[in-house]
Amino acid sequence: MNRPFSLIILFVIGLSFSLNAQNIITGKITDIDDVPLPGATVVAKGTTSATITDEQGKYQLNLVEGSYTIVASYLGFKSITKKIQVTSGTNNFTFKLEEDFMALDAVVVSGKSDAQILREQAYAVEVVETEGFKNLSTNGNDILAKIPGVNIRQSGGVGSDFSLSLNGLSGNQVRVFIDGIPMDYFGSSLSLNNFSANLLQSIEVYKGVVPIHLSSDALGGAINIVTDQNSDSFLDFSYGLGSYQTHIASLNTQYRNKKSGFAVRLKSFYNTSQNNYKVPIKLVNFETGKEDEEATNVEHFHDAYNSKMAWLETGFLKSSFADKLMVGVMYSDNYDEVQQPANAIGEAKIPYGEVTSEEQKVIGTFSFKKNRIFNTKLNLNAYMVGVFSESNNIDISDYTYDWFGNRELRDDTSVGEIENRKTYLRLHTDNYLGNLNGEYEINENNNIAANYSLNALTIQGNDDFKEENNTQFSDPSDVTKQVMAFSYTNAAFDNKLKNTIFTKFYNYDISSLITNYSGTETEPLNIERKNTGFGISSTYLWNGFQIKASFENAIRFPEVSELFGDGLNIEPSPSLLPEKSNNYNVGVSFNNNFGNSSLRLSANGYIRDAEDFILPVVEGIKVYHINNCKVLAKGVDFSANYVAAKKFFFALSATYLDLRDNNEWLNGVEGNSNSQYKVRVPNVPYFFSNGSISYRQPNLFKNEDSFTFSISENYVHEFFYTWENLGSSEKPSIPQQWVTNAEVVYSMNDQKYNVSVGVANLLNADVYDNYQQLRPGRTFNLKLRYFIN
Amino acid sequence: MKKNDLKLLFCLFLSLAIFSCSDDDTEIEVNDDVDNVEEDETEEVAETTLVANYFVGIEAATDPTIDILTPATSLDEGTISPVGNGIEQPAWMTFFQGENQIIVGGYTSAPEFTSYAMVDGELTEGESFFTSQTVYASTIIDESTMIMIGAPREGYADKNIYIIDTETMSIATTVASDFGNDENNGYLAFPTDVNVTGDHMFVSYYYIAADGSFATPTEQNASVAVFTYPGLELEKIIEDERAPNIGRYYSLTGLEEDENGNIYTYSPSSLACGYAPVPTTNSGILRINNGETEFDADFYIDFETLSGGYKLNDLYYVGNGKAVVRVLQEDEENADYLWATYAPNSSVPLLSYGILDLTTETYTAVSGAPLSGGGWDAAKYIEDGKLFVNISSATGASIYSIDPETATATEAAAIEGNYAKGILQITTEE
């Protein structure tokens with residue numbers, strides 16, 4: 001692995017410099033009660049001068065004489081912009097920031113929070129500040145599901161497989177990052193459906209056009225989960241208890257020495273659930289072959305899930321030589337029982353009783369960030385990650401199970417539950433990821449950036465039973481992806497108009513083999529692909545309105561699970577090619593604050609014109625992947641957020657998606673017309689909406705307490721899971737779904753002690769996601785959280 | 001239940017004055033042996049017609065794959081389209097022609113079989129049943145009985161012989177049998193077809209490695225398990241070294257019966273039909289005569305020699321001693337040919353057709369049809385001595401009718417979709 005080492009050298013060079021400082025203007029940043037705000041940001045607009053306040057809320061900034069626009073901001077407070085005149089000598093300016101309340105259950109913005117600054121970038125980006133979610137029994141998926149254009153489909157209870165779609169592109173086409181690092185390399189033990197809200201600071205959703213610092217291949221956009229970047233010492237512990245024996249705990253703590261910046265940080269969680277919810281099934285008597293007339297409520301008896309993660313980092317935060325220099329080690333594992341084939345239609349007649357998958361990962365992380373390195377206009381940001389994982393996919397039961405959990409020894413114990421051969425696939429994966437990002441401010445209106453990312457993966461394994469897997473994985477398969485990207489940003493008309501153009505050079509290299517069902521034949525497979533992508537994004541600000549337009553010619557390479565399968569239901573498809581899409585976005589938003597109230601409206605339209613789509617093909621209960629020509633998606637989404645008197649929060653979003661098969665000819669043969677041409681792609685929800693109302697009462701019983709009640713409603717319009725134009729009668733569909741959730745939170749001592757009680761699916765509606773497999777009905781959650789800063 | 005309803009409908013229809021059939025329907029002159037009793041009761045009826053209602057099981061789309069049981073006004077012309085037409089199937093299905101019903105089976109949440117019949121002039125879904133084992137061979141015995149053979153694909157678990165009551169669509173009897181396995185050498189006997197003549201049931205099979213690799217490592221003589229019927233006692237295994245393994249994976253046509261109750265078997269002996277290595281014995285045909293439980297020692301066709309190098313992929317007995325055969329040529333050393341006839345939309349289709357006269361033992365290639373990609377079980381339907389088949393490849397799919405007398409194929413109705421998986425017919429009276 002040569003490339004990771006070259007990255008280390010770059011880091012070391014970057015570290016061997018330090019920064020000097022002078023002071024010309026000084027001052028203090030406080031809240032309205034004159035309480036100092038340490039760690040607040042002070043920026044002189046149009047210059048390279050910026051700093052953060054110390055523990056007394058004091059700052060100092062070096063500026064030559066002249067007039068400046070100073071922006072003071074702090075997370076959770078409204079920013080202040082002030083024109084000042086700097087004269088020779090000491091200038092003193094104090095800023096009093098007003099608290100910017102966070103909406104509890106809605107995406108609400110007032111003032112200019114960090115989130116809004118990001119939103120005002122030219123990219124089509126939605127940002128959710130997750131502060132308000134920390135007291136709730138939610139995970140990353142629950143939060144994302146409230147964003148217009150986002151739809152999440154989950155196959156069962158806690159920890160079950162899910163598919164996220166963003167503006168019509170879904171699954172692996174949308175990249176998910178944790179602090180800029182592609183999340184899929186953390187494996188199934190760390191994903192959006194188990195990521196505790198307590199570890200989150202915000203979630204950024206880039207629709208269709210992905211900035212170069214998230215340098216990876218993404219077809220339909222990217223989601224970046226920003227974990228808590230708090231640079232103070234704190235302790236945040238929470239414990240949640242829910243239906244179906246669900247326990248979710250999270251411990252998140254940090255110590256930082258304010259003088260040296262030395263810091264130790266721990267992020268951890270533990271999730272477990274039996275997922276033993278009941279489902280109605282018409283049971284089959286296999287003597288007669290007949291199913292019962294009436295359904296019986298049976299319990300999922302082999303659907304338990306547990307995952308845990310601990311990430312310990314140490315290094316320096318906000319010290320003189322680096323804004324961030326941390327090394328860390330993470331351990332995570334995951335155990336998932338499989339109750340039934342995910343791709344069967346309806347609940348399986350013959351459940352699985354012992355099929356499981358498990359995964360363990362040890363991850364080393366190194367990250368470095370320094371703005372204005374060598375006291376120049378250069379910002380550097382880099383990370384390197386090594387992921388070492390062991391995963392087992394196990395189907396070795398000698399028994400056949402019924403829905404009551406009774407088992408019977410099979411006549412022949414050489415076969416498994418999924419198919420007629422057992423599997424015990426052990427995969428070992430070594431994965432090195434690195435990213436180096438440099439940003440240089442040419443002058444106040446022009447900025448250039450470059451980004452290099454590397455992702456090198458080796459996968460090897462063996463199977464005690466299935467020869468096909470042994471042949472596929474006995475020799476290591478290597479996949480290397482590299483992306484080099486450059487961007488240029490220009491601001492004009494007093495920062496009202498911003499344009500960014502960028503280009504990305506992709507290099508994809510796989511060496512593996514193709515084998516047959518028996519594992520007796522092999523054929524070497526070597527694919528190398530080079531692609532170039534580019535994009536442009538623009539935004540214009542005017543009187544509370546913001547207009548955005550962007551375009552990217554995007555590319556995505558096949559994912560590990562698509563290339564190599566999972567040894568159980570997903571078959572390897574190593575010869576897949578990259579998929580491509582031209583993504584167009586336009587959007588307009590409006591922000592207004594009046595007194596205690598604020599309003600934000602936004603509407604977006606988009607087109608995704610994709611080809612060589614990587615599509616899963618379900619055959620029986622197995623899935624393999626193919627490159628299937630063309631899909632055209634068009635869509636619109638809308639959202640409105642209104643906050644009244646800081647007490648009432650209203651949020652509404654709606655998405656309509658038009659996803660069509662764009663292949664004129666079958667099998668690519670001209671003249672062989674495709675009857676699905678321009679027909680809506682099935683099994684994708686195309687109209688969905690989300691609304692919520694919250695009420696927040698501060699100082700209910702005493703000072704510094706608060707009470708919040710919120711209720712939300714999700715709607716998904718009926719959709720067909722097969723092609724809607726085919727057949728004429730009794731076409732099966734997923735019926736329209738309404739789901740109501742309610743939550744009550746009480747916080748005391750300025751959010752030191754928090755209790756929340758939630759009910760998901762309050763009305764116990766039938767909720768289906770994958771085909772006709774039911775999700776859990778009404779579930780109750782209790783969450784206790786202790787936070788000390 | 002359905003049968004009584006149908007009988008009632010039948011009487012009702014006959015006691016009414018008969019309207020002429022719609023233009024779309026095909027008229028067949030009623031035979032003399034139609035129920036005389038009813039005829040007496042309905043003397044005012046001038047003419048009774050039997051109407052053939054055609055249906056085609058079409059794999060209509062990919063991503064996701066969807067099968068539609070599609071009504072067709074004609075097999076001969078036009079386009080049979082599942083767009084807005086037909087009954088969507090819940091999974092990847094196999095279509096069986098029953099006696100006045102269609103049975104459709106596939107893996108939904110377990111192997112499931114559903115009956116369709118004509119009710120009030122509409123194809124209507126009836127009852128269903130599930131099996132615990134996947135079914136690889138089946139035969140229709142009469143209007144209320146069907147036999148299915150379920151089998152494991154690995155190991156030596158018993159194969160299940162299911163006797164199905166197709167009126168109630170339920171399993172009447174399940175008999176477990178471990179026939180044919182060779183545990184000493186690690187081979188599992190995998191069924192390719194089942195047929196009943198007289199008081200015997202015959203099951204053809206081939207050996208696959210029992211280790212789950214689904215490989216065919218051994219050369220094996222043509223083998224058939226002989227059971228008593230309806231007792232379903234295994235009587236014996238018969239073998240014949242003149243030809244190798246009978247039938248192919250999921251062919252459903254390994255044992256074809258003629259008008260006289262003789263059974264003809266075909267042996268593919270090819271990579272393209274899934275046999276690797278290719279058996280040294282040539283692709284050929286054997287016969288079990290009516291009433292016998294042994295191969296006819298005097299009958300053997302070395303098909304490869306007779307045809308000048310073609311191998312059998314399927315055999316359909318049409319009548320008058322003639323069979324339509326689906327055939328291929330391959331390079332036995334080239335692994336690309338392995339399983340090559342299981343690609344209905346192949347861009348390099350392999351299969352052509354020929355007429356085999358089983359009496360004179362002569363072979364004639366059929367003209368007029370393009371090559372086709374094949375598939376699992378094959379769509380086939382016989383009317384007026386002609387065989388209707390699916391011919392498909394990457395360039396499209398059509399039904400062709402093959403005339404065994406002239407050895408010509410004529411393009412009939414076009415298929416919209418990937419290919420026709422089943423060509424089916426239910427006769428109704430009007």
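1. In what order do the three strands of the open sheet in chain A run, and is their pairing parallel or antiparallel? The order is β9-β10-β11, and the pairing is antiparallel. Strands here are DSSP runs of E of at least two residues, numbered from the N terminus, and two strands pair if DSSP finds at least two bridges between them.

2. The model is predicted: local features need pLDDT of at least 70, side-chain atom pairs count only at pLDDT 80 or more, and totals for chains, interfaces and linings use all residues. Residues are numbered from 1 along each chain as its sequence is written, chains are lettered from A and ligands numbered from 1 in the order in which they are written, and side-chain values use heavy atoms, with hydrogens and water left out.

3. At the edges of the chain A sheet are β9 (150-154) and β11 (169-170), each pairing on one side only. Five bridges link β9(A) to β10 (residues 162-166) in the antiparallel sense. Within this sheet, A:Ile152 has A:Leu164 of β10(A) as its bridge partner.

4. Chain B has two cis peptide bonds to check. One runs from B:Tyr229 to B:Pro230, with omega near 10°; B:Pro230 sits in the loop between β16 (221-228) and β17 (234-244). Another joins B:Ala276 and B:Pro277, with omega about 0°, and B:Pro277 belongs to the loop between β19 (263-267) and β20 (284-288). Most residues other than glycine have a negative phi, and most peptide bonds are trans.

5. Positive phi values also deserve a look in chain B. B:Ser269 has phi near 55° and lies in the loop between β19 and β20. B:Ser269 counts as buried because its relative accessibility is 1%, where buried means under 20% relative accessible area, exposed over 50% and partly exposed in between (1.4 Å probe, protein chains only).

6. B:Trp339 is not a glycine either, yet its phi is positive at about 60°. Its place is the loop between β23 (322-328) and β24 (352-357) of chain B. With a relative accessible area of 30%, B:Trp339 is partly exposed.

7. Chain A carries a nonpolar surface patch of about 650 Å², whose members include A:Tyr255, A:Phe262, A:Val264 and A:Phe388. β18 (262-273) and β24 (324-337) of chain A each give two or more residues to the patch. Patch residues have over 30% relative accessible area and no salt bridge; like charges are joined within 9 Å, and nonpolar side chains (Val, Leu, Ile, Met, Phe, Trp, Tyr) within 5 Å. A salt bridge is a side-chain nitrogen of Lys or Arg within 4 Å of a carboxyl oxygen of Asp or Glu. A:Val264, found in β18, is partly exposed at 31% relative accessibility.

Note on methods
Helices (H or I, at least four residues) and strands (E, at least two) are DSSP runs, numbered from the N terminus. Accessible areas come from the Shrake-Rupley method with a 1.4 Å probe; for residues, only the protein chains shown count as cover.
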